[in-house]
Amino acid sequence: MDYFEGAKIQIRAYLIFVILAENLLLIVGIWFAVAKLYLPLAYVALGAYAVSVIMTFIITVAATDFAMQPLQAIWRAVMHLAPNHNNVAAPDINKLVVGRTLVTNLTAQIYQIASVAEQTASVVDKQSSSLKANFIASNMPLPLFVLDASQTIVYTNAAAGAYLGRNADDMIGQNVYSILNMLFPSEATFNVWLQQAKTNSVTSSSFWERVRIDVSDNQPTRLFDLAAYYNKGNSLHYETMLILFDHTKSYSQDDQAVSLIALGVHELRTPLALLRGYIETFDEETQGKLDPELAGFMAKMKATAQQLTAFVNNILNVARVDNDQLSLKLHEENWPMVLQSAVDMMSLRAEVRGITLKLNIAEGLPTVGADRISMQEVIDNLIDNAIKYSGSSKQITISSSVNAEGFVETSVQDDGVGIPANIVQNLFTKFYRDHRNRAQIGGTGLGLFLCKAIVTAHGGNIWVKSKEGKGSTFSFTLLPYSRLADEVKNSDNKEIARVAHGWIKNHSLYRR
C-alpha cells in the first residue's frame with residue numbers, strides 16, 4: 001500500500017506543479033499585455049481565454065499520458081503473459097517517470113502468479129499422465145472413473161469408454177452426471193451418499209446393486225453394481241473413484257425369468273385352488289374328530305397352502321407389473337375391516353409358528369381409497385416377513401392410526417432378528433435378499449418389491465425402521481378416501497382407477 005501512496009503523491013505533485021505553472025504564465029501574460037503593450041482590456045481578456053483553452057487541452061493530454069504510465073506498464077506485463085498476446089513486449093520499467101516502485105512490485109507479483117500457475121498446470125499434467133501411465137488403472141477390465149471435488153471427471157480408463165460406447169478422453173473434463181445418468185433402486189443414491197461423505201467423513205466407501213443407465217439410442221440399457229470410494233483433500237485432487245461391475249445380462253435374465261416363471265406358476269392356480277378347497281372341506285368335516293397330532297398336521301397343511309397361494313400371487317403380480325398389466329381399482333374401503341380380514345387369514349400361519357398376531361386400530365379411522373385384494377397382499381407379505389424373521393419373538397403387532405399429515409398409517413412390528421443398517425436401503429429392490437440369512441430363511445426377494453409397487457400406486461409411501469437384534473417395523477400410508485382428487489373419481493363416486501406399471505416403466509421408482 002506504501003508504493004501505491006507514493007505513486008499517488010508523485011502524480012498529485014506533478015499535476016499541482018503544471019496547473020500552478022499554467023496559472024502563473026497566464027497571469028504574467030495578462031500583466032505584460034496590459035502594462036507594457038497597453039492593449040485594450042477586452043482584447044486581453046479574450047486572448048487570455050483562448051490561451052487558457054489551448055493550454056488546458058495540452059495539459060490534459062500531457063497529464064493523462066503521465067498519470068497512465070504505471071497502468072500502461074502493468075497492462076503490458078499482463079498482456080505479455082497472456083497465452084494469445086505473446087507479441088506484446090514486456091514493459092521497460094526503467095523508462096517510467098512516475099510510479100516506478102509500484103509497477104516494479106506489481107509486475108513482480110504478476111510474474112510470480114504466472115509462474116505458480118504454470119507450475120500447477122505442469123503438476124496436473126504430470127499427475128494425469130502418471131495416472132494414465134499407471135498399468136493397473138489403464139488395464140483394469142472394469143470401467144473406472146476418477147472425479148475431483150466438483151464431480152468433474154479427471155480420468156477414465158479404456159474399459160469405461162468401451163462400456164459406454166464413447167471415447168475415454170472425450171469424457172475427461174465433463175461432469176460425471178452428464179456422462180453417467182445413473183438411476184438407483186432406492187432413495188440412497190450416489191449423490192446422497194457423496195454429500196453425506198463430504199460433510200461427515202474423511203474417507204468413505206459404498207456399494208449399490210442394480211444401478212441402471214440408458215447409454216444411448218444405439219445401445220441397450222446397462223445394468224450394473226457400483227462401488228465408490230471417497231477421499232477428502234486428496235493431494236492429487238482425485239477425490240472420488242467409481243468402479244462399475246456390469247450385470248446387464250444376468251439382471252436382464254432375472255427380469256425375463258420372472259415372466260417365464262409366471263407362465264409356469266399360472267398353471268398352478270387351478271390345482272392349488274382345488275387343493276385348498278379339499279383341505280378346507282376336510283378341515284370342516286373333521287372338526288373336533290381328530291387327535292391333536294392329526295389336527296396339527298391339518299393346520300400345517302392349510303397354512304402351507306396359504307403360503308403357496310401367496311407365493312403364486314407374488315410371482316404373477318410382479319410379472320404383471322413388469323408387463324404393464326397390473327391395474328388397481330381403488331374403492332372406498334373400511335380399513336379396520338380390511339386389516340381384520342388380513343390378520344384372520346394370516347393367523348393360522350402365525351399359530352403354526354407359535355406366534356400371536358395382535359391388532360391395534362385407533363378409533364375413528366376414516367375410510368381409505370384402496371384396492372382391497374392388492375392391499376391384503378401387502379399386509380400378507382409384511383406379516384409373512386415378520387413371521388419369518390421373528391426369531392424367538394412370539395408376538396407381531398399390527399397397528400393403524402391417522403398420522404400428523406392426515407394419512408392412514410399402518411405398521412407391522414416384530415421383535416425378531418432385525419435388519420443390518422447397511423442393507424435397509426436395498427430391501428425394496430427386486431430379488432434382493434440378505435446374503436447372511438438367505439440359506440436359513442426362504443423367500444424370493446419379491447414380496448417387499450411388490451409391496452412398494454402397490455403402495456406407491458395407491459399414492460402412499462412405505463418404509464422400514466429396524467435395529468439388528470431388536471426387531472423391525474414396516475410402515476406404509478394410504479390416502480383417506482375423502483382426500484382423493486374429485487376429478488379422477490367416477491360418476492358414482494365409488495371407484496378410482498390406478499395402474500402400478502407407471503412407476504416401473506418410467507423408472508420413477510429409481511432415484512438419480
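Six strands build an open sheet in the order β2-β1-β6-β5-β4-β3, with antiparallel pairing. Helices (H or I, at least four residues) and strands (E, at least two) are DSSP runs, numbered from the N terminus. Two strands pair if DSSP finds at least two bridges between them. The edge strands of this sheet are β2 (153–156) and β3 (182–183), each of which pairs on one side only.

The model is predicted: local features need pLDDT of at least 70, side-chain atom pairs count only at pLDDT 80 or more, and totals for chains, interfaces and linings use all residues. Residues are numbered from 1 along each chain as its sequence is written, and side-chain values use heavy atoms, with hydrogens and water left out.

Leu-147 stands opposite Thr-240 in β6. Helix α9 (residues 190–200) lies across β1, β3, β4 (203–213), β5 (222–231) and β6. The helix runs at about 5 degrees to β5. Axes are lines fitted to C-alpha atoms, for helices over the stretch in contact, and angles run from 0 to 180 degrees between N-to-C directions. Contact means heavy atoms within 4.5 Å.

A further open sheet has five strands in the order β8-β10-β11-β13-β12, and its pairing is mixed. Its edge strands are β8 and β12 (462–467), and each pairs on one side only. Neighbouring strands in this sheet are turned by 15 degrees against each other on average, direction ignored. Strands β8 (residues 356–361) and β10 (residues 395–402) are parallel and share six bridges. Here Ile-361 stands opposite Ser-400 in β10. By contrast, β10 and β11 (residues 408–414) run antiparallel, joined by seven bridges. Ile-396 stands opposite Asp-414 in β11, and Ser-401 has Glu-409 of β11 as its bridge partner. These two strands, β10 and β11, form a hairpin with five residues between them. In the turn, Gly-406 has a positive phi of about 90 degrees. Helix α13 (residues 335–352) lies across β8, β10, β11 and β13 (471–478). Its direction is at about 170 degrees to β8.

Two helices also pack together. The axes of α14 (residues 372–388) and α15 (residues 447–457) are 9 Å apart, at an angle of about 145 degrees. On the α14 side, the contact residues include Ser-374, Met-375, Val-378 and Leu-382. On the α15 side, they include Leu-448, Cys-451 and Val-455. By class, the contact has eight nonpolar, four polar and one charged residues. Ala, Val, Leu, Ile, Met, Phe, Trp, Tyr, Cys and Pro count as nonpolar, Asp, Glu, Lys and Arg as charged, and the others, Gly among them, as polar.

Helix α15 is mostly covered, with 10 of its 11 residues buried. Buried means under 20% relative accessible area, exposed over 50%, and partly exposed in between (1.4 Å probe, protein chains only). Among the buried residues of α15 are Phe-449, Lys-452 and Ile-454. Just after α15, Gly-459 takes a positive phi of about 85 degrees.

Overall, the protein chain has 16 helices and 14 strands. Of its 512 residues, 39% count as buried. Among contacts between residues at least 6 apart in sequence, 65% join residues at least 24 apart.
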